[in-house]
There are 2 protein chains.
Amino acid sequence: MAENIMNDICGNESTHPEIVRTVSEKLPDVELLYDVAELFKVFGDSTRVRILCALFESEMCVCDIAEVLDMTQSAISHQLRVLKQARLVKYRRDGKTVYYSLADDHIQTIFDQAFEHIME
Amino acid sequence: MAENIMNDICGNESTHPEIVRTVSEKLPDVELLYDVAELFKVFGDSTRVRILCALFESEMCVCDIAEVLDMTQSAISHQLRVLKQARLVKYRRDGKTVYYSLADDHIQTIFDQAFEHIME
DNA sequence: CTATCATTTGAATAATTGTTCATATGTATT
DNA sequence: AATACATATGAACAATTATTCAAATGATAG
């Protein structure tokens, strides 16, 4: 009973060497793709999506955003921090109040495409 | 020492009632925005981003993808499952081998915009 | 049927992350 | 000064998740 359980599982040689080679060449730098994933990770939370969509309409202060989303001011502030670090929102201070707005035009385009994907 | 620490923290009445009202009206359904976040969550992992970018070039079997990304075949399979559930990839079987390819044209557009945001 | 190989799946583990609570800034008013 | 209020921040907790390992399918050839 010499069960030869080798289970190569696609060992050394490729199944399709030429495809592996050309795709490996054309694939963008790992670091760039990592940054892309990081950007999408920021979009990948419903609270942040709702904040950005709210800011599509108008600049807003933290309190107003919290009221529109029916969430804690602290929770909103934490998420605005994430959006700020990703350079997706900018802010201006007026007295005690801080007003946030969108920092980038690409955002709306990206969201529009996402909507289209979901709708179809 | 009657320290009146009330800390309203934007209590009942809005700071900007008219903005809160109009934004609340225009904001898309929570469910739709939740779906948008779910889609971006799928894009928010560098392994999946690399898989999708690889598939931009050519359809590929699981083993080849694993070799291009220098990762376990099992890890790739798990992620392909996520991409499949999100209707982002489709597959065809040919004997023992399963070939994956992109299921949607929006993906490339979304990624292009993401690249632009990062580059600028 | 058995052996082999590509792929899938399930459980376990480690790491990441969103919210809450409490507290700390910062700014204006008295 | 002290008070009030908008916002920010830090620690803690719960929940989610990507990878690994082991084992199970599924498919073909002998």
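Two strands pair if DSSP finds at least two bridges between them. Helices (H or I, at least four residues) and strands (E, at least two) are DSSP runs, numbered from the N terminus. This is a predicted model, in which local features need pLDDT of at least 70 and side-chain atom pairs count only at pLDDT 80 or more, while totals for chains, interfaces and linings use all residues. Residues are numbered from 1 along each chain as its sequence is written, and chains are lettered from A and ligands numbered from 1 in the order in which they are written.

**Figure 1. The open sheet of chain B.** In chain B, 3 strands line up as β1-β3-β2, with antiparallel pairing. The edges belong to β1 and β2 (89-94) of chain B; each has a single partner strand, so one side of each lacks a neighbour in the sheet. Strand β3 (residues 97-102) of chain B runs antiparallel to β2(B), and 6 bridges join them. B:V89 has B:L102 in β3(B) as its bridge partner. Helix α3(B) packs on this sheet and touches β1, β2 and β3 of chain B (contact: C-beta atoms, placed from the backbone, within 7 Å). The direction of α3(B) makes about 90° with that of β3(B). Such angles run from 0 to 180 degrees between N-to-C directions; axes are lines fitted to C-alpha atoms, for helices over the stretch in contact.

**Figure 2. The open sheet of chain A.** Chain A also has 3 strands in the order β1-β3-β2, paired antiparallel in an open sheet. Here β1 (60-61) and β2 (89-94) of chain A are the edge strands, each with a single partner, so one side of each is left without a neighbour in the sheet. Strands β2(A) and β3 (residues 97-102) of chain A are antiparallel and share 6 bridges. A:Y91 has A:Y100 in β3(A) as its bridge partner.

**Figure 3. Helix α3 against helix α5 in chain A.** The axes of α3 (residues 46-57) and α5 (residues 73-85) of chain A come within 10 Å and cross at roughly 80°. That makes α3(A) roughly perpendicular to α5(A) (65 to 115 degrees). From α3(A), the contact uses A:T47, A:R48 and A:I51. From α5(A) come A:I76, A:Q79, A:L80, A:V82 and A:L83. The contact residues divide into 5 nonpolar, 2 polar and 1 charged. Nonpolar means Ala, Val, Leu, Ile, Met, Phe, Trp, Tyr, Cys and Pro; charged means Asp, Glu, Lys and Arg; the others, Gly among them, are polar.

**Figure 4. A helix pair across the two chains.** Helix α2 (residues 30-43) of chain A packs on helix α6 (residues 106-119) of chain B at about 100°, with axes 10 Å apart. That makes α2(A) roughly perpendicular to α6(B). A:D35, A:V36, A:L39 and A:F40 in α2(A) meet B:F111, B:A114, B:F115, B:H117 and B:I118 in α6(B). These residues comprise 7 nonpolar, 1 polar and 1 charged.

Figure 5. In chain B, 51 residues contact 51 residues of chain A. Helix α6(B) gives the largest share of the chain B side, 10 residues. That side holds 27 nonpolar, 14 polar and 10 charged residues.

Figure 6. Where pLDDT is low, the predicted coordinates should not be read in detail.

Key
Angles under 35 degrees count as roughly parallel, over 145 as roughly antiparallel, 65 to 115 as roughly perpendicular and the rest as oblique. Two residues are in contact if their C-beta atoms, placed from the backbone, lie within 7 Å.
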